[in-house]
Structure formats: structure tokens, C-alpha cells
Amino acid sequence: MDWKEVYEQQDPAQLRRQAGRCMDCGVPFCHHGCPLGNLIPEWNDLTWRNEGRAAIERLHATNNFPEFTGRLCPAPCESSCVLGINQPAVTIKQVEVSIIDQAWANGWVAPHPPERLTGKTVAVVGSGPAGLAAAQQLTRAGHTVAVYERDDRIGGLLRYGIPDFKMEKKQVEQRLNQMQAEGTRFRAGVEIGVDISWSELRSRYDAVVIATGATVPRDIPIPGRDLLGIHFAMDYLVQQNKVGAGDVVPQQLTAEGKHVVVIGGGDTGADCIGTAHRQGALTVTNLAIGYQPPSDRPEDQPWPMMPQIFEVSSAHEEGGERQYLASTVEFLGNGAGEVRALRVAETEYVDGRRVPKSGTEREIPADLVLIAMGFTGAERDALEGQLGLPFTPRGDVARDEDYASNQPGVFVTGDAGRGQSLIVWAIAEGAPRPPRSIATSRARPSCRAPFGRATVRSASRLALHSHTTTTATTTTEGSHETSQDRRHSGARHLEL
Ligand SMILES: Cc1cc2nc3c(=O)[nH]c(=O)nc-3n(C[C@H](O)[C@H](O)[C@H](O)COP(=O)(O)OP(=O)(O)OC[C@H]3O[C@@H](n4cnc5c(N)ncnc54)[C@H](O)[C@@H]3O)c2cc1C
Ligand code: SF4
């Protein structure tokens, strides 16, 4: 087991066969399933015809970063594929990643700088997929954009959450190079609210986009929580990702030679399992408080819904034990202040609540416990204190349907506004599209840029009352190649 990406490239002939299974159905429900409204039947058809260059153009028309979604998306599109009613769905995600990988390999992904600058400035705070998508759209619309990131490297959870075995970081690097060549500026190692106050940032820029993620972890406040050896998943995953990037992490948290228990059954838990196995854990046990989901689509979640079914990720295939209906009631110490075991009871449902059933307690040995129980929302102190932003009862930064906060010129996108979610949603929010009815229109299959106006409208709204005409790109990948000279003509050059 190594740290290289676990996914293998699909045989081109098989890929074409899969793309050819797409039926070009009258109402392609996969559009509806994909939060980006990806034009799936169109790029399936182009792949089947071996027209890779045209396929990447159609894919980029709605998705800024298909190399991320093609590897990491749970593919709700496949749950709503019409073929899926009575046979396996088209492997849409596999086609997606193959299109973009081929495009990078052939040099078809070029920078698309804007033709002119508007003279307006935007600060994007947070460099995860939402911040990057917003920055790319705004840069291409001609605004001068700086992305601020408190970590030492750009990428958000793509960089320091998701392990290399799920996505190697060269995927992030090559996209950042493209964005830099388009004119986006990156400022890593700057925490807004600490190094620069939110109010000062707001006064420096025409608009501010908050894309700071939902980073507050859900804790488990039970006896023994303060024992040594119990950590939040992100503390553990970040360290391994730093080591993977070549950093030296003194006293790295590692699973080597340990009995590891991961509490929480989602993506974060799976990433901890895969990381622990690679570090040489003795055993890895994964606890989930609820029922094991069914293997097949349950009747109350019919097609084309995305059903909650039993997921087996690559990390699960590699080993470890998954236990369901497991309620952790106490952490037990070894007398020296270190964790030695968990006391776990069977979960029972009482009036819809999950409670530990007394008399069912058992011990699970552990010398490393990783808490991967999700996140409770965005960090609030600085945003509340310095900008006066309200939060929703769920812990998200409050915003309206146009992503606007209660402060003029301050917008909220990605997990900061919707709670911990998915990369595909972060990109969709960062680069908002027009209503799905337009995006899914089959009446204009040959239209090159069905999203242009609305994309540019939302981008330009951020730049606040710009009187300068923007000759903006009209798809996420843009359709105008321009020289650097033209790009800067008629615009003041802004140093951010
Ligand atoms: C371990 C893990 C694995 C996941 N795996 C998957 C997966 O396989 N597939 C999937 O679809 N989704 C996955 N997700 C969810 C997905 O990563 C997130 O939904 C997505 O990254 C959210 O994007 P974002 O841009 O809103 O925020 P983030 O990616 O969280 O980025 C926010 C960035 O803002 C920075 N920041 C915060 N405050 C400040 C500040 N004051 N100043 C400067 N910078 C700041 C943070 O350092 C961070 O880099 C996973 C999540 C986790 C935690
Ligand atoms: S982004 Fe996700 S939902 Fe959309 S086409 Fe790709 S795999 Fe499917």
C-alpha cells in the first residue's frame, strides 16, 4: 500500500463503450442529479465519437475543476441516470475524469485571461474549491482577485483534508498554475481576522467573498475525552498531508503500531482509515452510531433520488472492521493519562433519538482515537465580532439566495454558507449558474455558452456597480484567447 492515487485509468475502448451506453434520453435526469448541471449526454456523445477536445470544452462549460469532481464526487448524477432504472448506470464520473486527464495530458487546458480589467478588486478568503471557483470566475470576468488563505499552501480541504491516495496534489498544482496565469493572485499564510482584520479587508477591496469552509469539528463530550491519544480527524489528516508534501512534522501523530478507532462513518472517517493502514496500524475499527444502510436502493428513496446506501470506498476495501449501532459512552485510560480503550454500547432508538442501551457495554482497545463526526459550521468569532455577520441556527454564515450577507459587498459561498457538504456543491456555489431550466435546455445543444450571461452577471455583481464594460469570458473555461497586452489595456494595474 503506498500513497499514490488508488484509481486506475480506464481502458479507452471500455470508456468509449460506457460513454456510448448513454441513451441521449429526452429528459436527461443526470443533469438534475449533478449540482453543476453538467452537460453529461453531450460529453458522453463526444467521448464516444473520440472528440476529446470538444468533450473537455463542454465539460468545462459548467465545471471549473472536473479533475477534482471526477475523482472525489459521490456522483449523484449516476443515481439519477435513466439507464439506472433497470440496469447499471453509465459510469459518468469515470468518463468525466478521463476527459479532463486526457485534456491535461494533451495540453488542451490553457489559461483564459480576460480581455480587459474592470478596475474593481475582490478579496476571496479561503482557497478550497468554493474560493477557487469564485476566484476563477471573477478573474475571467476582468476583476482583480486576490485569494487569502491562512494555511501555508493553497487548496483548502483539497490540499490538507483529502489524502494523496484519493487525489494527488499535482491535480491542485496544475489548476493553480492555470489560475495564476489568468491573473488570480494567491496569498497563503495570511489569516483574515488575525493578520488583517475583516473590516480592514473590506475597506481595501470593492467586494469580499467569504469561502472559509465549515471547519468547527463536532466533539464527543463524554468521560475520558481529555485523555492523551484522542484527536480530531483533521488534526491527524493535515499532518500526514504535510508529510506527503515533503514537510517535517515534529512528533507527527501516527497510527504506526497502534490500535486505531475511528468514530464516524463518512468521508472523513474513510480517509482516516486509509491513512492509518498506510502508516502501519495494528488494527483499525470504524464505529458508526446508526444502522448499516441497505446495499440496494430502499423503496422510500426511489429513482432518481440519490439513495443512502452502504458505501464501500477504497479505504474500506483495504481492511479494517466497520461496526454499526455503536454508541461510545466513555474513553478509558491506562493510569498514565493515555487512552487504552473505548466503552461502547449498542445504540437503541427511543422516540426517534439514538441512545446507548444499558447492559450492552463492551470494550474496544485503542491507543489512537480519531473523531470524525462531522462539523458544526463555520468559525464565528471574527466574522461576528469584526463584521457583525449573523449566523443561522445550524452554525452557517447567514446569506440570501444570491449569496449576499447582511453587509453590502460581502458574499458567502461554499461550506461557510451551506455547512460541510461536497466539492461539487462548493464549485457550484463558487461559480453560480443560471436556473437549472436554462442549464438543462436540450433545445440548444450546439450553443457554445448557454451559461454566459448569468455567470458573468453574478461575477460582476460582486464587483459592485462597475461602470467599466467587462469583456468577460462566457463559459467557465472561457472562449476568448487574448494577449497580455490586450488584457491590461484601458485598466489600471492593481497591486493587492
Ligand atoms: C477529510 C475530508 C474529506 C472529504 N472528502 C470529500 C470527498 O471525497 N468528496 C467530496 O465531494 N467532498 C469531500 N469532503 C467535503 C469537501 O472537502 C468540502 O465540502 C469542500 O472542500 C468545501 O469547500 P470550501 O471551499 O467551502 O471550504 P474548504 O475546502 O474547507 O476551504 C476553506 C479554506 O478557508 C481557509 N480559511 C478559513 N478561515 C480563514 C481565514 N480567516 N483567513 C484565511 N483563510 C481561512 C481554511 O484554511 C481552508 O483552507 C471532505 C471533507 C473532509 C473534511
Ligand atoms: S460533478 Fe459529480 S454529479 Fe456532476 S457529473 Fe461529475 S460525478 Fe456526476
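Helices (H or I, at least four residues) and strands (E, at least two) are taken as DSSP runs, numbered from the N terminus. By this count the chain has 20 helices and 16 strands. The model is predicted; local features need pLDDT of at least 70, side-chain atom pairs count only at pLDDT 80 or more, and totals for chains, interfaces and linings use all residues. Residues are numbered from 1 along each chain as its sequence is written, while chains are lettered from A and ligands numbered from 1 in the order in which they are written.

Confidence is expressed as pLDDT, the predictor's confidence in each residue, from 0 to 100. The chain has a mean pLDDT of 88, and 87% of its residues reach 70 or more. Over residues 463–474 the value is below 50, yet this stretch has 39 contacts in the model beyond near neighbours in sequence. Here a contact joins two residues whose C-beta atoms, placed from the backbone, lie within 7 Å. Residues 478–493 also stay under 50, with 26 contacts beyond four places in sequence.

A residue is buried if 20 or more other C-beta atoms lie within 10 Å of its own, exposed if 12 or fewer, and partly exposed in between. Buried residues make up 46% of the 496 in the chain. Of the contacts between residues at least 6 apart in sequence, 71% join residues at least 24 apart.

Ligand 1 is surrounded by 37 residues, a residue being near if its C-beta atom, placed from the backbone, lies within 6 Å. The closest are Gly126, Gly128, Gly156, Gly213 and Gly414. Among the elements giving two or more residues to this shell are helix 8 (129–140), strand 2 (144–149) and helix 13. At least three residues come from each of domain 2 (121–215 + 377–488) and domain 3 (219–373); these bounds come from an automatic or database domain assignment. By class, the shell has 16 nonpolar, 14 polar and seven charged residues. Ala, Val, Leu, Ile, Met, Phe, Trp, Tyr, Cys and Pro count as nonpolar, Asp, Glu, Lys and Arg as charged, and the others, Gly among them, as polar.

Around ligand 2 there are 14 residues, of which Cys34, Thr69, Cys73, Cys77 and Lys93 come nearest. Helix 6 (76–79) and helix 7 (92–105) each give two or more residues to this shell. The largest share, three residues, comes from helix 7. The shell has nine nonpolar, three polar and two charged residues.

Eleven of its residues are buried, so helix 13 is largely enclosed by the rest of the structure. The buried residues include Asp267, Asp271 and Gln279. They pack against helix 12 (233–244), strand 7 (259–263), strand 8 (283–287), helix 14 (314–317) and strand 14 (368–371). Just after helix 13, Gly280 takes a positive phi of about 95°.

Ala75 lies between helix 5 (66–72) and helix 6. Its phi is positive, about 60°, although Ala75 is not a glycine. Ala75 is buried, with 22 other C-beta atoms within 10 Å. Tyr403, in the loop between helix 15 (381–387) and strand 16 (410–412), has a positive phi near 70°. The peptide bond from Trp303 to Pro304 is cis, with omega near 5°.
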